[in-house]
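Here's a quick tour of the model, starting at the ligand and then moving out to a few backbone and charge details. Have a look at the structure first.

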Amino acid sequence: MCGIVGYIGNREAFPILVKGLKRLEYRGYDSAGVALISEGNNLNVYKTKGKVADLEAYCADKDITGSVGIAHTRWATHGEPSSVNAHPHYSESKNLAIIHNGIIENYADLKKKLQENGVVFRSDTDTEVLVQLVEYIQNKKEVDLLTAVQVALHQVIGAYAVALLDKNNPRQIIAARKQSPLVVGIGENEFFLGSDASPIVEYTDKVVYLEDGNIAVMAPGEELKVVDVFNEKQNAEVKKVNLNLGQIEKGGYPHFMLKEIFEQPECLKTCMLGRINSEGSHVTLSAVLDYRKQLISAKRIIIVACGTSWHAGLIGKQMIENLCRIPVEVEYASEFRYRNPVVGTGDVVIAISQSGETADTLAAVKLAKEKGAFIYGICNAVGSSIPRATDTGSYIHVGPEIGVASTKAFTGQVTVLTMLALALGNVMGTVSHDDYISIVKGLQAIPDKIREVLKLNERIADLSRTFTYARNFLYLGRGFSYPVALEGALKLKEISYIHAEGYPAAEMKHGPIALIDSDMPVVVIATHNDLYEKVLSNIQEIKARKGRVIALVSKGDDTISKLADEVIELPDTLECLEPLIATIPLQLMAYHVAVCKGKDVDQPRNLAKSVTVE
Ligand code: M6R
């Protein structure tokens, strides 16, 4: 959701903060702001509706001096996107400034009490309530900022990552987190702060990932102090972050999304590195070795996830059930957490999340853990909250994903789920040696096959141009291709704002067929597998109603090419690995349609990369 950056040291803070905000802009982008303690010890707040570039323009004639500052990109929750509701927020006296990611759930009660005590508010946000409360406590109890923050956080219900500046203590930043991520970067006599490590890696590779309930006090020349609300010292383990600048920049591509689509062959190789041996005869996942007992004794597996990660889970279900013969349920994390689920000892819960910060998935993990389930995480962002809350897991290692539409994370998740099913099936003896070897070899060959599909980019761009008129799209697939249909539809709707639905192909005749006419493009995944004939009949049904068919077919298919309006040929692979190939043209199509429609591909309206509120 919102992005947080902070700097305190001896350099000019503004350029560091703005660069950091640009790296975090994928998190939230309806408004941006910065607070700086100037050379003359003034606390200046500048903020505006719009993007980071708008903030830069707004600050062009302002005093942006100072070596201490905090900055923010907002994704509105309380109050419309506007300059007034943008962060940072001043306290009433303007001595304090705060930035915040998360939601203060009891803000209305707190605000009412503060107003009864004469505090005047400027914005509609829950965030302003917190800074006003801190100042109120500071004044009433005559305490320093740290103590006031501790007392205030004690009264707050909700999720937060916050950073505060105090004009009267200008060489200090105080930051705190609960359920929203915060990372402190440690330099020479300087500290950096970020919602993730991307604004920090340019300056230092030493970071501390704050834990829930941690409050960090950053003052140059002093060690990082980490305490809790009771002022108990907390463990602050310094970790080395493995992230380089190339991974978080566009590298010549017009958008992060296109870069990330094209990175997939390399990313998947990295994902398999050290896990599949060079002969392609064995898969090793350290989590399966270390927790073999818990995993092979699973009565059932429940996969919890949201959005694209949930689609990857649907593929994982089929893979695990086929290869391990363990029943698998796939749940939306947001539903699972609120419906008193039957889960407990003997269950394995697999949480899938690119960001590792999705609030609903994290809550589902905590709930399942409380009830005694064994938790396995499949995440991308190293050191994020979900991997830290799980018993074990496997990172997908596809590098930072910046485009809001998830692409390489999806194929990385499917790759890890495939390796998990293979490794587990192998130790359980539920997969035959021949199947095991052919899937491992098939998986190893996937990066090259994706490269082949990427060569179709220009053709898919041309084809996409002819479909920008459409107001609706239908995506159909069966078996392993059904989740691909869902994923293709999600990609299109989130970045082009065209309404799209994914369906199991056979369900079409139970309703969606009523929608089909000459204005309705239908994308059908119709590769040569066991259900080919049935999908072929579906295509005939669509054509009989004058629908326009875009078919994804196996190379050399000359039956569907005679029927469909557009055909995209895919290289052959095993049926269970087809999602890794068939998803690529759908990602490209969504991308090109959105570009043709002039949409903001990397930062689509109303969305955020990391959904840290429920
Ligand atoms: O970080 P997560 O994988 O937990 O995120 C889950 C969803 O919010 C995410 O996949 C979302 O649906 C994407 N925008 C899809 O492209």
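Let's start with a backbone N or O atom of Ser-406, which lies 2.8 Å from an oxygen atom of the ligand. That makes it a polar contact, meaning a pair of N or O atoms within 3.5 Å (within protein, one must be able to donate a hydrogen and the other to accept it, and residues adjacent in sequence count only if both atoms are side-chain atoms). Before going on, a word on the ground rules: this is a predicted model, where local features need pLDDT of at least 70 and side-chain atom pairs count only at pLDDT 80 or more, while totals for chains, interfaces and linings use all residues. Residues are numbered from 1 along each chain as its sequence is written, and side-chain values use heavy atoms, with hydrogens and water left out.

| Protein side | Ligand atom | Distance |
|---|---|---|
| Ser-406, backbone N or O | oxygen | 2.8 Å |
| Val-404, backbone N or O | nitrogen | 3.2 Å |
| Lys-491, polar side-chain atom | oxygen | 3.0 Å |

On its own the ligand would expose 410 Å², and the protein buries 90% of that (areas by Shrake-Rupley with a 1.4 Å probe). Two elements each give two or more residues to the shell around the ligand: helix 10 (307–324) and helix 17 (481–496). Helices here are DSSP runs of H or I with at least four residues, and strands are runs of E with at least two, numbered from the N terminus.

How many residues surround the ligand? There are 15, and the closest are Ser-309, Ser-353, Ser-355, Thr-358 and Glu-494; a residue counts if one of its heavy atoms lies within 4 Å.

Now for the charges. The structure holds 26 salt bridges, each a side-chain nitrogen of Lys or Arg within 4 Å of a carboxyl oxygen of Asp or Glu. One of them pairs Arg-11 with Glu-190, the closest N and O atoms being 2.8 Å apart. This pair links distant parts of the chain, 179 residues apart: Arg-11 is in the loop between strand 1 (3–8) and helix 1 (13–24), and Glu-190 is in the loop between strand 9 (183–186) and strand 10 (191–194).

Most residues other than glycine have a negative phi, and most peptide bonds are trans. Asn-41, though not a glycine, has a positive phi of about 60°, and is found in the loop between strand 2 (31–37) and strand 3 (43–49). His-87 and Pro-88 are joined by a cis peptide bond, with omega about 0°.
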